[in-house]
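User: I'm new to reading protein structures. Could you walk me through one, a feature at a time?

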Amino acid sequence: MRAFLDHNATSPLLPAVRAAMIEALALGNPSSIHREGRMARAAVEDARRAVAAFASVDMENVVFTSGATEALNMALQPTADILLVGATEHLAVLDGHGYGASCDRLAVDADGVVCLEALTAALARHAGKRIVVAVQSANNETGAVQPIGEIAALVHGAGGALICDAVQSAGKVDLDAATAGADIIVLSAHKIGGPKGVGALCIRTERAVPTPLLRGGRQERGFRAGTEDVAGIVGFGRAAAEARTLDAVEALRDAFEGALRRLAPDVVVFGGETPRLPNTTCFAIPRLEAQLAIMALDVAGIAASSGSACTSGKVKPSHVLAAMGIDPTLARGAVRISLGRDSTAADTARVIATLNVLLQRARRPRIAA
Ligand code: PLP
């Protein structure tokens with residue numbers, strides 16, 4: 001049986017979500033005024049209510065999009081003079097903003113946490129300007145959690161606005177606590193048991209106003225033109241209503257890391273010294289290539305990842321580990337295991353057993369031909 005241990009890449013569609021989506025596929029166009037249209041509109045607004053409750057925003061402040069990438073791109077079109085972004089942000093932020101040269105990256109420490117001194121200095125450097133800051137609530141590769149409350153206080157003190165990519169915290173930890181103080185938060189349905197290709201931009205205050213990327217219709221209060229993905233949105237709403245934290249898997253993750261340290265005492269756990277998502281471990285064992293480990297795990301029936309899904313396949317070490325100052329050779333060995341609510345001790349034991357075989361093989365002396 002396969003063990004899916006790559007929940008930070010995507011989480012399996014929940015059965016209740018699938019059932020709700022299948023029903024919603026037959027609905028009409030929410031903009032039509034006839035009965036079929038009104039039924040579709042009601043389904044979309046029910047979903048909006050569920051996502052709004054999940055994100056702690058008013059319903060009218062949820063804008064549905066084609067995913068977090070679109071929502072982040074939308075949130076990060078120039079509405080201020082300067083954009084400050086964490087160095088370990090997802091590429092949807094680093095490559096998706098429209099600020100060009102008016103964007104500064106904020107340094108992170110060795111655990112990937114934004115240096116508050118660097119933020120304070122950047123805010124002071126740009127005093128008098130309108131500033132937008134984008135920092136994720138937790139990192140997709142390492143699970144490192146950012147101190148969003150403290151960051152928000154500094155940003156607001158300088159008159160700026162804080163946009164928070166909350167994709168990885170949603171469905172894993174308490175979302176309100178993880179995003180406290182943020183002016184906009186961004187979510188993705190497929191990280192919480194919903195469908196791929198749906199996300200939301202949730203506006204919490206008037207400090208940050210997004211600029212529409214898609215124009216040509218009045219859908220989503222003019223923020224996002226185009227007929228809504230009704231089934232996708234319905235699925236997102238259902239997933240939001242079903243969302244729970246993953247606090248219960250923390251003990252399993254910690255036990256796995258203990259076993260890993262016994263197997264390979266020289267293992268390095270990235271972000272291991274800072275608060276992390278309870279389901280995530282990203283590690284490297286010197287001399288063990290990540291691609292080899294991922295392939296061996298796959299053959300053994302385990303889905304894991306090397307760095308983020310978006311960059312896997314590339315031999316280049318991830319920008320996240322590079323920003324943390326990790327040696328590129330070690331970073332090339334980074335393996336990420338991200339557990340879900342159904343993950344078991346048997347799953348993580350299979351990972352250890354597979355790594356054990358690889359390490360034995362690596363240690364075996366080569367016989368000269
Ligand atoms: N932000 C983070 C932290 C992510 O992990 C991801 C997905 O991998 C995204 C943004 C992009 O989300 P989507 O797949 O909905 O575009």
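This is a predicted model: local features need pLDDT of at least 70, side-chain atom pairs count only at pLDDT 80 or more; totals for chains, interfaces and linings use all residues.

User: Is Gly 28 buried, exposed or partly exposed, and why?

Analyst: The general idea is a pair of cut-offs: buried means under 20% relative accessible area, and exposed means over 50%. Gly 28 has 26% relative accessibility, so it counts as partly exposed. Leaving out residues up to four places away in sequence, Gly 28 touches Glu 36, Ala 40 and Val 230.

User: Now helices. How do I read which side of one faces inward?

Analyst: Here's the general idea: an α-helix has 3.6 residues a turn, so residues three or four places apart point the same way. Now try helix H5 (residues 116–125), where Leu 116, Leu 119, Ala 122 and Leu 123 are buried. These four are on the same side of H5 because they cover an arc of only 125 degrees around the axis. Over on the other side of H5, Glu 117, Ala 124 and Arg 125 are exposed.

User: What covers the buried residues of H5?

Analyst: The cover includes strand S3 (82–86), strand S4 (103–106), strand S5 (131–134) and helix H6 (148–157).

User: Last one: which residues surround the ligand?

Analyst: Among them are Gly 67, Ala 68, Asn 140, Ser 188, His 190 and Lys 191. By class, the shell around the ligand holds two nonpolar, seven polar and two charged residues. For distances, look at N and O atoms. A side-chain N or O atom of Ser 188 is 2.7 Å from an oxygen atom of the ligand. For His 190, a side-chain N or O atom is 2.9 Å from a ligand oxygen atom. Ala 68 uses its backbone instead, with an N or O atom 2.9 Å from an oxygen atom of the ligand. On its own the ligand has 390 Å² of accessible area, and the protein covers 88% of that.

Conventions:
Residues are numbered from 1 along each chain as its sequence is written. Side-chain values use heavy atoms; hydrogens and water are left out. A residue is near a molecule or strand if one of its heavy atoms lies within 4 Å of it. A polar contact is a pair of N or O atoms within 3.5 Å; within protein, one must be able to donate a hydrogen and the other to accept it, and residues adjacent in sequence count only if both atoms are side-chain atoms. Accessible areas come from the Shrake-Rupley method with a 1.4 Å probe; for residues, only the protein chains shown count as cover. Ala, Val, Leu, Ile, Met, Phe, Trp, Tyr, Cys and Pro count as nonpolar, Asp, Glu, Lys and Arg as charged, and the others, Gly among them, as polar. Buried means under 20% relative accessible area, exposed over 50%, partly exposed in between (1.4 Å probe, protein chains only). Helices (H or I, at least four residues) and strands (E, at least two) are DSSP runs, numbered from the N terminus. The arc is that of the directions from the helix axis to the C-beta atoms. Contact means heavy atoms within 4.5 Å.
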